[in-house]
Amino acid sequence: MFRQNHIYRHSKAHFEWDDFVRFRELCNINITEACVVVTPRWIIEHIGQLLEEICKQNPIPWQDIDACVFVLTGVASRAPAGQDTVIPRLIELLPQLPYPSDGVKALLLRSAASRLVLFTSGYLALNEGPCKAILKFLALQHLPSILPLKPAPDPDVKKYCESLACDAMKMVMTAARKTIVAADNGGLWKEAVNAVIALVSDGRFSVDCRAQLVFGIGQVLSVLQDWNELEQALSMFVSRMEVPIQPILSALPPEPLGSRAVKTTRDGKAPVELKLYIASVSSVYNMPARDPTLLPADHHPVLGVVEKHFATIERVCIHHTHYEELMEQVCLAFSYILGFSREYAPMSKVFVPMMKLMARCCEQHPQPYYMSLVRSAIGFFASNAENQMDAVLVDLTGLFIAPVARTLTAATASGGVHAAASAIAPPISGAAYEMMAEAVRHWNLSLLAIKSTQWMPEVLDCTIEVLPRLTEEGQAMYERTITAMLRFIRNVLLWGDPGTAKGDMAPELLELQKQAQGIMVERQLPRGTALPRLIHSLSMLLVVSAPNNPSRGEVVPTVAEVYRSLLIGPFEYLASQQIPASLKSLPQPCSTALVGEHDPQKVLQQLKMEKGDSRRFTKTIISVAELFAVTLKRSPLVV
């Protein structure tokens, strides 16, 4: 009955894709439920008997083959792998099937073949013979045959067919990558990669399909144990992907247009060729552990390829910073490359140029993903505590954070939050301060930044100055930025606390304690000493954040963390003197509301008793902010 319905559906003069998809979903539900009664293995064996009958016919009816493939893909995942002969037999038949050359039927049978390969990629990974046959079938016969087919009345049918075929190719290359590389003494992978590169270069496939194939190529190359061979193969791939972008590069002006550049594509997105070029550069990752018996490598092959092609990568980036999705892809690509080559990146000649290139691009068109890349690099390399790398990371952090801090402070002072948002978008400031908080989380970067840079005191000064203004006028807009600012300050305070070192008396940590205490208490910042201004800013934050439901959101709880850091370390004495005074000096009516249990001195004593319990400490700070919220509902703030 299932086959009869299938034949009927396929033979309709006017094919409705949506109806067909719904029909198949219904069939799949019924087949799945049938597995409970008759077991998947029985269904597979029954389909095997039908296949024997079907294959005896001349010509083989494609509708019946399509129906059998559909049923098998529905039950294959529920049956024990490798314990039947039906699926291997059907895989063997795939290259020999009579694929129609036009109409919906041509697309449907090819989609069925792709779906079968997709569901059996694990079996192919374990069986070299079928794997070789299917890989060649996909690369040399199946995918090339889809391109010249005319679209069906519903264009989604051909898109689905192309997407499924490319997905099948990617899955085989991913699941069977070790088998592919080992087959034919290394001959199969070279033939397959060359064939798939030709498909990637064919503009008739959609960009998503081509990206799937790029991923598959990278997966095969990633398991090559000979890193010289891997580097040569990847370089060849990148060089091949450079050919389509040459007309774009040839048309570029001698110097980047920077902020004057305009998008020239019809959809406002970067040219597909540029995206695929960057994808090829970062296609090799997820590399298995290298054989320890091999000689140590002096560099990572992917970094070697980036270094070799860096001039082209640089031109692609610096002239196309106005295409946001392309530059985000570049940042992700660099992050992946640095992540899986972290043992070699610090010694690589291309590491610093990569990061400086991203700084130049950010200067032309600031976007948050540049700061996210630097934050990732800090996470990868800061724990090594290597002097040269520390200096690079600290310089990069300052290069990105200092302009953001200056711009925010100047803009809020002259025109408020709306001026600040126009000058620098909230996602950018948020990403910048999250990067900064990550940097000062590492003792070695904190010590170098506080002790040796000019930008660190300026950034701290600007941050303390701008915090209340941002919170008062734009807490909802800038919450991510505000909380990151507070975490940055808290980390500096914690490094000044001997308890953070947990008994470690290393000279570097003792020096960091001295430097952190100095920048908060002793050093004169542009707008005055940090600690008194910080305590005043924290009090104002409780006031200006009060109308925004203090118990929700992250601002007031993060303020509580900073207060707690002040009271558990070397700053306790000064903080105990200044916290009550700062609360009493708040504008009316908030200062006069602090009576009874909320008297500033009683609040301080309560906080001191609770500083060992973070949850209770935070609850007390929130109660003060909630008191201000009730007070401000009755009477507006007097500035």
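Begin the tour at A385, which is placed in the loop between α20 (368-381) and α21. The model on display is a predicted one, and every stop below refers to that prediction.

**Stop 1: two residues with positive phi**

With A385 selected, inspect the backbone. The phi angle of A385 is near 50 degrees, a positive value in a residue other than glycine. Most residues other than glycine have a negative phi. A385 is partly exposed, at a relative accessible area of 35%.

Next, select K502, in the loop between α24 and α25 (507-522). K502 is not a glycine either, yet it has a positive phi of about 55 degrees. Is K502 buried or exposed? Its relative accessibility is 77%, and K502 therefore counts as exposed, the cut-off being over 50%.

**Stop 2: a cis peptide bond**

Move to P589, in the loop between α28 (572-584) and α29 (590-593). The peptide bond that leads from Q588 to P589 is cis, and its omega is near 5 degrees. Most peptide bonds are trans.

**Stop 3**

Several of them can be visited from helix α24.

Select E458 and R406 together. Their side chains meet in a salt bridge, with 2.7 Å from N to O. This pair links distant parts of the chain: E458 belongs to helix α24 (residues 455-495) and R406 to helix α21 (residues 387-423), and the two are 52 residues apart. E458 is partly exposed, with a relative accessible area of 23%, and R406 is also partly exposed, with a value of 40%.

Continue along helix α24 to E465 and R469. Both lie in this helix, four residues apart, which is about one turn of the helix. They form a salt bridge in which the closest N and O atoms are 3.2 Å apart. E465 counts as partly exposed at 23% relative accessibility, and R469 is partly exposed with a relative accessible area of 29%.

Is R533 buried or exposed? R533 is buried, because its relative accessible area is 15% and the cut-off is under 20%.

**Stop 4: A421 in helix α21**

Return to helix α21 and select A421, which is found there. A421 counts as partly exposed, at 24% relative accessibility. Which residues does A421 touch, not counting residues up to four places away in sequence? They are P426, M477 and Y478.

**Stop 5: a buried arginine**

Now select R115, in helix α6 (residues 103-119). R115 is buried yet has no salt bridge. The nearest side chain of opposite charge belongs to D66, 4.3 Å away; a salt bridge requires a nitrogen and a carboxyl oxygen within 4 Å. Leaving aside neighbours within four places in sequence, R115 is in contact with R24, D66, F70, T73, Y160 and L164.

**Stop 6: helix α17**

Select helix α17 (residues 310-318), where F310, T312, I313, V316, C317 and I318 are buried. Displaying the surrounding helices shows what these buried residues pack against: α13 (227-242), α14 (246-250), α15, α16 (301-308), α18 and α19 (351-364).

**Stop 7: the largest pocket**

The tour ends at the largest pocket, whose volume is about 420 Å³. Of the 17 residues that line it, select A211, K275, A279, S282 and Q329, the closest to its centre. The elements giving two or more residues to the lining are α12 (207-221), α15 (272-281) and α18 (324-340). Which element supplies the largest share of the lining? Helix α18 does, with six residues. By class, the lining comprises ten nonpolar, three polar and four charged residues.

Notes. Residues are numbered from 1 along each chain as its sequence is written. This is a predicted model: local features need pLDDT of at least 70, side-chain atom pairs count only at pLDDT 80 or more; totals for chains, interfaces and linings use all residues. Side-chain values use heavy atoms; hydrogens and water are left out. On a 1 Å grid over the protein atoms alone, a cavity is a set of points where a 1.4 Å probe fits but cannot get out, and a pocket is an open set with protein on both sides within 12 Å along at least five of seven lines; lining residues have an atom within 4 Å of a point. Grid points are joined across faces, edges and corners, and a volume is the space filled by probe spheres set on the points. Ala, Val, Leu, Ile, Met, Phe, Trp, Tyr, Cys and Pro count as nonpolar, Asp, Glu, Lys and Arg as charged, and the others, Gly among them, as polar. Buried means under 20% relative accessible area, exposed over 50%, partly exposed in between (1.4 Å probe, protein chains only). Lys and Arg count as positive and Asp and Glu as negative; His and the chain ends are not counted. Contact means heavy atoms within 4.5 Å.
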